[in-house]
Amino acid sequence: MVRTSHRLLDYLHRRQDEMTQFLERLVRAESPSALPAAQQPVFMLLQEALEKRAYRVR
């Protein structure tokens, strides 16, 4: 278990800049809850990120 946790922590540290940049993009994307169509940029960012990792998005 310790070995797995070390590997996971190492993985996350190596990708910290990438994850921070992605979160910044999400935060900057406009997504007012009163306007569903305006949420599309956030949905597209998430869809692209998931598809890049071979997830299927509907």
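Tutor: Start with a term. A salt bridge here is a side-chain nitrogen of Lys or Arg within 4 Å of a carboxyl oxygen of Asp or Glu. Keep in mind that the model is predicted.

Now apply the term. Arg53 forms a salt bridge with Glu18, and their closest N and O atoms are 2.9 Å apart. That pair links distant parts of the chain. Arg53 sits in the segment after helix 3, Glu18 sits in helix 2, and 35 residues separate them. Side chains of opposite charge can pair when their charged atoms come close. How accessible are the two partners? Arg53 is partly exposed, with a relative accessible area of 44%. Glu18 is also partly exposed, at 39%.

The largest pocket has a volume of about 380 Å³. It is lined by 15 residues, and those closest to its centre are Glu18, Phe22, Ala49, Lys52 and Arg53. Which helix gives the most? Helix 3 does, with six residues. By class, the lining has eight nonpolar, six charged and one polar residue.

Most residues other than glycine have a negative phi. Ala54 is exposed, with a relative accessible area of 72%.

Then look at the other pair. The structure holds two salt bridges. Arg14 and Asp10 are four residues apart in helix 1, so about one helical turn separates them. Arg14 is exposed, at 53% relative accessible area. Asp10 is partly exposed, at 39%.

Finish on the surface. Leu8, Tyr11, Leu12 and Met19 form a nonpolar patch there, with about 350 Å² of accessible area together. Helix 1 supplies the largest share of the patch, three residues. Met19 has its place in helix 2. Met19 counts as partly exposed, at 36% relative accessibility.

Definitions and conventions: Residues are numbered from 1 along each chain as its sequence is written. This is a predicted model: local features need pLDDT of at least 70, side-chain atom pairs count only at pLDDT 80 or more; totals for chains, interfaces and linings use all residues. Side-chain values use heavy atoms; hydrogens and water are left out. On a 1 Å grid over the protein atoms alone, a cavity is a set of points where a 1.4 Å probe fits but cannot get out, and a pocket is an open set with protein on both sides within 12 Å along at least five of seven lines; lining residues have an atom within 4 Å of a point. Grid points are joined across faces, edges and corners, and a volume is the space filled by probe spheres set on the points. Helices (H or I, at least four residues) and strands (E, at least two) are DSSP runs, numbered from the N terminus. Ala, Val, Leu, Ile, Met, Phe, Trp, Tyr, Cys and Pro count as nonpolar, Asp, Glu, Lys and Arg as charged, and the others, Gly among them, as polar. Patches are made of residues with over 30% relative accessible area and no salt bridge: like charges are joined within 9 Å, nonpolar side chains (Val, Leu, Ile, Met, Phe, Trp, Tyr) within 5 Å. Accessible areas come from the Shrake-Rupley method with a 1.4 Å probe; for residues, only the protein chains shown count as cover. Buried means under 20% relative accessible area, exposed over 50%, partly exposed in between (1.4 Å probe, protein chains only).
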